[in-house]
Amino acid sequence: MFWYGRWIAAAREEEVPAPGDWRVVRIGTQSIAVLRDEKAKIRAFHNTCRHRGSILCTGERGTFARKRIVADVKANWKLVAENFSECFHCPPVHPELCRIVTAYREAGAWGLKKEAGPSPEYKAGAATLTLDGSARLPAFRNLNEEEKKAIYTPYMFPPNLFLNVQPDYVNSHLMFPTGPESVRIVYDWLFEPRHLPLSEADLQHYVALWEVTNAQDARNCEWQQQGVRSREFKHGHFVPQEFDCFRFTEWVRGELEKNRDRPRFSSPDDK
Ligand SMILES: [Fe+2]
């Protein structure tokens, strides 16, 4: 009556000064995590996991690791993978990305294969893939001069790991289907341990461009998911710039062929 049913004084706001900071307040048998969220708002939660009930904040105070964004996208995982594997869509969809990877402006990923002619691949003076092309960290150790100039190199490891490799950081997408028309994507930003922890300003410097680009891709995949429901849509058409997209669909086709006679245990997630 006195403790669990009314507002009480729990902590002073300077005890959680920055986004991600937390401290635990114990009231009777209850453990409460008081924290400052990503928008710098102070919030309080029961310190218990909704899955199996474990406590989440195990000490008295600390800071949550951030370099991670989780997004639920209403699209089949194969549409997301196809989206990642081609940049034909980049000029109209990703103006911010194309400002730095100038080869994408006209030709999508075709540009990085030097098929688009002698135009420069990256914005003049750009050192890495950020909103303005500037770097706040030195390049990874052991890169040679040529490798340091490769400002953006995408890799896909089907079915669910995508890497965007830059000279000084890596942006990773891990994808997990949650239904036939939905997927959870976990975005991580990876840096050399010697630079950690990054300041909030430096972290935001590296997160900003991908935050914009990933949201644009998620929106487009959701539009595509809605569009392919049309009774008139039978199949798509690849243009030459979608060579990697074609490779992915051939991989899917091969896997389906290989597994055609295997017993199936869970059809909904397999769709
Ligand atoms: Fe994209």
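Trainee: Where does A40 lie?
Mentor: A40 lies in the loop between β2 (30-36) and β3. Helices (H or I, at least four residues) and strands (E, at least two) are DSSP runs, numbered from the N terminus. Residues are numbered from 1 along each chain as its sequence is written. The model is predicted, so local features need pLDDT of at least 70 and side-chain atom pairs count only at pLDDT 80 or more, while totals for chains, interfaces and linings use all residues.

Trainee: What is phi of A40 near?
Mentor: Near 70°, a positive value in a residue other than glycine. Most residues other than glycine have a negative phi.

Trainee: Back to the strands. In what order do the four strands of the open sheet come?
Mentor: The order is β3-β2-β1-β4, with antiparallel pairing. Two strands pair if DSSP finds at least two bridges between them. The edge strands, β3 (42-46) and β4 (61-63), each pair on one side only. Neighbouring strands of this sheet are turned by 25° against each other on average, direction ignored.

Trainee: How many bridges join β1 to β4?
Mentor: Three, and β1 (residues 21-27) runs antiparallel to β4. R23 has R61 in β4 as its bridge partner.

Trainee: New topic. Which residues does a cis peptide bond join?
Mentor: P159 is in the loop between β6 (153-157) and β7 (161-165). Another joins L196 and P197, with omega about -5°. P197 sits in the loop between β9 (182-190) and α6. Most peptide bonds are trans.

Trainee: And the helices? At what angle do the axes of α1 and α6 cross?
Mentor: Roughly 130°, and the axes of α1 (residues 77-84) and α6 (residues 200-227) come within 10 Å. Axes are lines fitted to C-alpha atoms, for helices over the stretch in contact, and angles run from 0 to 180 degrees between N-to-C directions.

Trainee: What does that make α1 to α6?
Mentor: Oblique. Under 35 degrees counts as roughly parallel, over 145 as roughly antiparallel, 65 to 115 as roughly perpendicular and the rest as oblique.

Trainee: Which residues make the contact?
Mentor: L79, V80 and N83 of α1, with D217, N220, C221, Q224 and Q225 of α6. Contact means that C-beta atoms, placed from the backbone, lie within 7 Å.

Trainee: Last one. Which domains does the assignment give?
Mentor: Domain 1 (13-63) and domain 2 (68-258). Such bounds come from an automatic or database domain assignment. The centres of domain 1 and domain 2, taken over C-alpha atoms, are 34 Å apart.

Technical notes. Two residues are in contact if their C-beta atoms, placed from the backbone, lie within 7 Å.
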